[in-house]
Each structure stands twice: as structure tokens, then as C-alpha cells.
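Biologist: I'd like to learn how to read a model like this one. Could you take me through it feature by feature?

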Amino acid sequence: MRIAVPKEIKNHEYRVALTPTGARELAGRGHQVTVQTGAGEGAGFHDRDYEAAGASVEADVALLWQNAELILKVKEPQAEEVARLTPQHTLFTYLHLAAEKTLTQGLMESGATCIAYETITDAKGGLPLLAPMSTVAGRMAVQAGAHSLEKAQGGAGVLLPGVPGVAPGKVTVIGGGVVGENAARMALGLGADVTILDKSIDRLEVLDDRYQGRIKTVYSTADALDEAAKTADMIIGAVLIPGAAAPKLITRAMLSDMQPGSVLVDVAIDQGGCFETSRPTTHAEPTYIVDGIVHYCVANMPGAVARTSTLGLTNATLPFVLALADKGWQRALRDNPHFLPGLNVHNGQVTYAAVAEAFDLESVDPADAVNQ
Ligand SMILES: NC(=O)C1=CN([C@@H]2O[C@H](COP(=O)(O)OP(=O)(O)OC[C@H]3O[C@@H](n4cnc5c(N)ncnc54)[C@H](O)[C@@H]3O)[C@@H](O)[C@H]2O)C=CC1
Ligand SMILES: CC(=O)C(=O)O
Ligand SMILES: [Mg+2]
């Protein structure tokens, strides 16, 4: 198969979808891999490393896309990339479509087959291609939030661990999944006073058992959210309903209950965000202030630690990339019921129910799409 790896063009996105190690696996199976010039530089992989692994390097972006059957990316295609997609392409990347109507329409109009990392499942009920980046983003959320609490950033001037004689800062994490647990672990490590809210009692049980009371667990209700707004120095938004738009859990009205200079870190921003006042920001300008509350809402947090993130992401994606290359998308998805829900758009139609619901569109069963 002819496989292309473009250089990411989203603001401050330094990850790459395939490492030279992955290129070597594909080339060894007889696939033709072409990497855009400089695509791996941000993650520390050079063109010569890809060439040594059996890939070619192409400077002409138009040619790279035109010649490809399978396109491997990290972030959702930006407008100029959507314009390059045609029905000949299978696109494999993060999409987060429920938060992006224009992108959804663009992908439908392209006629391409679009498979999202974040909706592929596993036998344990997890999201194996989201999990490594959720681990990164959860760990980064506390670093970003702690920095935002500094006065120069508009924060309240609170040091999370406190000092002897001064109580630590309070961190509340809403959603105790992969992002939430990793954020809580980091906050705990810094000496903060940490609470996790979740709707899943099973998940709260796991966390309670794992942290033996060092992290408080609270069932997520309107009252619990009100209490968090009144008391927390930092709230981290880490909820997910797979593939769907995030519920708005902290409203604008609740900001007036918060201490001025408190911080909201909305990691769920890629699914539209779980705070009413959230809007996506970039690494170039990561925060803004609404009603005295600092908001950090970067939609590609792992892009800032591109070396670690690229290695973590590609470890998880490579088996799926190999299946797509060896079998073609239809057989690869037919053969693996956990790969099948990755299909979000095919032949002008949405094939993921929660995305269709978000925009009042008809959805086609992915099992029907793979048999077309
Ligand atoms: N901004 C960024 O750079 C990145 C963002 N993310 C995003 O972070 C979000 C969280 O991802 P994961 O932790 O992997 O998901 P996950 O599925 O592991 O965890 C989500 C948790 O939210 C809980 N939840 C759902 N609705 C809730 C509610 N109303 N109240 C309280 N808890 C609720 C679920 O029970 C679950 O435990 C996703 O939107 C994901 O796309 C992930 C990586 C990078
Ligand atoms: C999950 C995601 O959106 C990211 O890693 O950028
Ligand atoms: Mg996004």
C-alpha cells in the first residue's frame, strides 16, 4: 500500500504519526512509505532516519497526498488538509468530530474514509489509542494549572504544596478516567489536596482502593460540582462520553462562586469542553480569563512534549496501521470488532452514532459500511 505521513500543521503541533521504527515495519512488509520532509523533526526523528528505515522523503505536499492511499496523521485535518482529501484516501488520525461541525461536513464532502484513533475500543472497555495521550495530557494538566495559578499569569498566587504552616492548594478533578487519574497522581505528588468526582461508582471504587484515601473520591452531582467551585483552587475537566460532545458541568454562573484567580484546566476541550466558558486555545496563547478565572484549554496538549508523546502514541497505533496496510481498511475493520468503531466517516456519510447525533445527521452502521 502507498502510505503518506504529512508534517503536522496545527499550531505548535510537533508530533508525527509514524516513527522510523514504524516505517521499517511497513517497508519490511512491502509497503511504500513516504514521509513529508521534516515531518519527524519536532519529535527528534530526521529525514535520514526514515530513509534508513526504507521510507522515501517528499518535499512536495500536494504530490505526497495525491500519491497516497493511506494517510497517517496525529491531529484532525486542518482546512487546507481537508481540501486535499479525496475518495481514494483512508485517513487515520485523531478526529474529535462531535466538537467540529465544519470539519465533519468537510470530511463528508471529501468522500474519504476517515478512521479516528479516539473511538477505537479494547476488550477491557478502554480506548487504547486515546489512553497514551490522555496519560500525557493528564500529567501535563497539573503542570499547566500550577503555572496558571501564579500571579503573573492572572492566578490567585497559590503554591499547590503549600509550605509548613500553610495549607496546600485544593485540586478537584472532574472525571476519574485516564486523564483524571494521571492528573490526580501528579497533584498528589506535588502535595496538593486532591478530590476526584466521577459518575461511575465502579471507577471511584478502583481509585479509592488504589490511593487508599490519599485522594478523596466523590460521586459527581450538581451539589458536588457547586462545592468544587466554591472550594477548589484548580478544577481539571477530564470527563468523556466516547465520541460525544462533553457535557457542560461548570457554568458561567458558577464562576462567581469561585475564588478570583482560581484556575480551570479543560482537558476535555477536544470534545467541546466541559466548562461553559471554555474555548479551544493553542500552545502559543494557552490561557485567557473570564470573570477573574484563568482558563487553560489547549486541545493538543501532548504536542508540547512531542518526543514522549510520539513514542507513546505510535506504540499504540502501529498494530492498527499494520492491519490497515496489510488488509486494506474494509477487511482490517471487519476482522476486529474493536477497530470497527474507529470508522467515523465513509463515502459522504457519518458512521459513528454520537457524532451524527451531535449534528442531527443520519448515521450509517459501520458494519454496513465495511461490507459495501
Ligand atoms: N486536550 C488534550 O490535549 C487532550 C484531551 N483529551 C481528552 O480528555 C478527555 C478525557 O479522556 P480520558 O480520560 O481518556 O477518558 P476516560 O474515558 O478514560 O475517562 C472519562 C471519565 O469521565 C467520567 N464521566 C463521564 N461523564 C461524567 C460526568 N458527567 N461527571 C463526572 N464524570 C464523568 C467517566 O465515568 C470516565 O471515568 C477526552 O475528551 C479526551 O479526548 C485526551 C488527551 C489529550
Ligand atoms: C487526544 C488528542 O486530541 C491529542 O493527543 O492531541
Ligand atoms: Mg482537536
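Predicted model: local features only at pLDDT ≥ 70, side-chain atom pairs only at ≥ 80, totals over all residues.

Biologist: Fine. How many helices and strands are there in the protein?

Modeller: The protein has 13 helices and 15 strands. Its radius of gyration is 21 Å, close to the 21 Å from the globule rule for 372 residues, so the protein is as compact as a globular protein of that length. Along the principal axes, the C-alpha trace spans about 65 × 45 × 35 Å.

Biologist: And what percentage of the residues count as buried?

Modeller: Of the 372 residues, 53% count as buried.

Biologist: On to the ligands. Which residues around ligand 1 are the closest?

Modeller: Ser 134, Gly 175, Gly 177, Val 179 and Met 301 are the closest, out of 36 residues that surround ligand 1. A shell can also be read by element: α6, α7 and β8 each give at least two residues to this one. The largest share is from α6, with 4 residues.

Biologist: Which residues surround ligand 2?

Modeller: Lys 75, Tyr 94, Leu 130, Met 133, Asp 270, Asn 300 and Pro 302 do. By class, that shell has 4 nonpolar, 1 polar and 2 charged residues.

Biologist: Which residues does the UniProt annotation "binding site" cover?

Modeller: Arg 15 and Lys 75, according to an unreviewed UniProt entry. They are spread over 61 residues of sequence, yet they cluster in space, with a largest C-alpha distance of 8.8 Å. Lys 75 also belongs to the residues around ligand 2.

Biologist: Take Arg 15 first. Is Arg 15 buried or exposed?

Modeller: For burial, you count neighbouring C-beta atoms, and 20 or more within 10 Å means buried. Arg 15 has 28 others within 10 Å, so it is buried. It sits in the loop between β1 (2–5) and α1 (20–28). Setting aside residues up to four places away in sequence, Arg 15 touches Glu 8, Ala 43, Val 74, Pro 302, Gly 303, Ala 306, Ser 309, Thr 310 and Leu 313. One of these, Pro 302, is also in the shell of ligand 2.

Biologist: And where does Lys 75 lie?

Modeller: In the loop between β4 (70–72) and α4 (79–82). Lys 75 is buried too, because 21 other C-beta atoms lie within 10 Å. Beyond four places in sequence, its contacts are Glu 8, Lys 10, Glu 13, Thr 93, Tyr 94 and Asn 300. Glu 8 is on the list for Arg 15 as well.

Biologist: Last one: what should the 12 residues of helix α7 span?

Modeller: At 1.5 Å a residue, α7 (residues 178–189) should span 16 Å, and its end C-alpha atoms are 17 Å apart, which agrees.

Biologist: How many of the residues of α7 are buried?

Modeller: 9 of its 12 residues, so the helix is mostly covered. Among them are Val 179, Asn 182 and Met 186. The buried residues pack against α6 (131–148), β7 (170–174), β8 (193–198), α8 (201–211) and β10 (234–237). Just after α7, Gly 191 takes a positive phi of about 90°.

Methods: Residues numbered from 1 in each chain as written. Chains lettered and ligands numbered in written order. Near = placed C-beta within 6 Å. Nonpolar A, V, L, I, M, F, W, Y, C, P; charged D, E, K, R; others polar. UniProt positions renumbered as here; feature names shortened; annotations may be inferred. Contact = placed C-beta atoms within 7 Å. Expected span 1.5 Å × (residues − 1). Rg over C-alpha atoms; globule rule 2.2 N^0.38 Å.
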